[in-house]
Amino acid sequence: LSVVGGTIYATGGKSRYEDDQTYSSVESYTEERGWRIETYMEMTQEREGHCSVALKTRLLVIGGSVQSSVFDTVQAFDTENLSQGWVSLRSMTIGRSGHACQAALYQGEEGIFVSGGRNDASASVEFYRPESDTWANIASLNIGRQYHSMTVASDQLVVAGGNTEGAGWSSVEMFNGSHWLVTTHLLEGRRNHAAVSVPSNFYSC
């Protein structure tokens, strides 16, 4: 899920296992009307195991797979320019599925971090610079991860959990701007989980 303005978007994915159907459809949600299928936002190909990120008014979908095909492709939809449809951006340096992504600052520039995933990318991390439409490899994770999470906490990028070849990880790594440090561990190894960053003043006691 990604949020652009006040609207939540769900892109692609897969139906029940027995159906084995991968979607190219997009749903959106607002508090006023609930969920609906956005027919004008149908993606150009089916995707599962991808990630999505909001950059200003644009919704980006990154990587993913269909059956045995793993994608390096990236597409963007500008929610304030509907007639333009999905626009192809520069592809990642490698195909990824089951990876994690997060919009954040790197060297003073806002862009997108992408980490891990299936294929040969499990420990690698790359950063997308929207101004130049380019990808650059940065420091790799300490261990390969797929189906992990990536969030921002205290202005630092954090990855947690995931697995590699059946081994589930509990470790949590934080990016200090040049390399990744294992800072703590979850109480249990987790994959296919969800994580969210909550402001420190969100709750009051």
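A disulfide links Cys-51 to Cys-101, with the two sulfur atoms 2.3 Å apart. In general, a disulfide is a covalent bond between the sulfur atoms of two cysteines; here the term is used for a pair of cysteine sulfur atoms within 2.5 Å. Searching the whole structure turns up one disulfide. The torsion about the S-S bond of Cys-51 and Cys-101 is about 140°, so this disulfide is right-handed. Because Cys-51 belongs to strand β5 (residues 51-55) and Cys-101 to strand β11 (residues 100-106), the pair ties together parts that are 50 residues apart in sequence. Strands (E, at least two residues) are DSSP runs, numbered from the N terminus, as are helices (H or I, at least four residues). Cys-51 and Cys-101 are both buried, where buried means under 20% relative accessible area, exposed means over 50%, and partly exposed lies in between (1.4 Å probe, protein chains only).

Before going on, a word about the model: it is predicted, so local features need pLDDT of at least 70 and side-chain atom pairs count only at pLDDT 80 or more, while totals for chains, interfaces and linings use all residues. Residues are numbered from 1 along each chain as its sequence is written, and side-chain values use heavy atoms, with hydrogens and water left out.

Strands of a sheet pair through backbone hydrogen bonds, either parallel or antiparallel. Two strands count as paired if DSSP finds at least two bridges between them.

| Strand pair | Bridges | Facing residues |
|---|---|---|
| β9 and β10 | four | Ala-76 and Val-87 |
| β11 and β12 | seven | Ala-104 and Gly-111 |
| β12 and β13 | four | Val-114 and Glu-126 |
| β13 and β14 | five | Tyr-128 and Trp-135 |
| β16 and β19 | four | Val-158 and Met-174 |
| β19 and β20 | five | Glu-173 and Val-182 |

**Strands under cover**

Let us look at β13 (residues 125-129). Five of its five residues are buried, so β13 is largely enclosed by the rest of the structure. Val-125, Phe-127 and Arg-129 are buried on one side of β13, and Glu-126 and Tyr-128 are buried on the other. The hairpin of β13 and β14 has four residues between the strands, and in it Asp-133 takes a positive phi near 55°.

Strand β19 (residues 171-175) is mostly covered, with four of its five residues buried. In the hairpin that β19 forms with β20, four residues lie between the strands, and Gly-177 takes a positive phi near 105°.

**The nonpolar cores**

A nonpolar core is a set of buried Ala, Val, Leu, Ile, Met, Phe, Trp, Tyr and Cys residues joined through side-chain atoms within 4.5 Å. The largest one has 14 residues, and Cys-101, Val-74 and Trp-135 are among those with the most contacts inside it. Strands β5, β6 (58-62), β9 (74-78) and β12 (109-115) each give two or more residues to this core. Of these, β5 gives the most, with three residues. Apart from this core lies another, of 13 residues, including Ile-138, Met-150, Val-159 and Trp-180.

Contact means heavy atoms within 4.5 Å. Leaving out residues up to four places away in sequence, Val-74 touches Leu-60, Ile-62, Val-87 and Trp-135, among others.

**A buried serine**

Ser-115 is found in strand β12. Its relative accessibility is 0%, so Ser-115 counts as buried.
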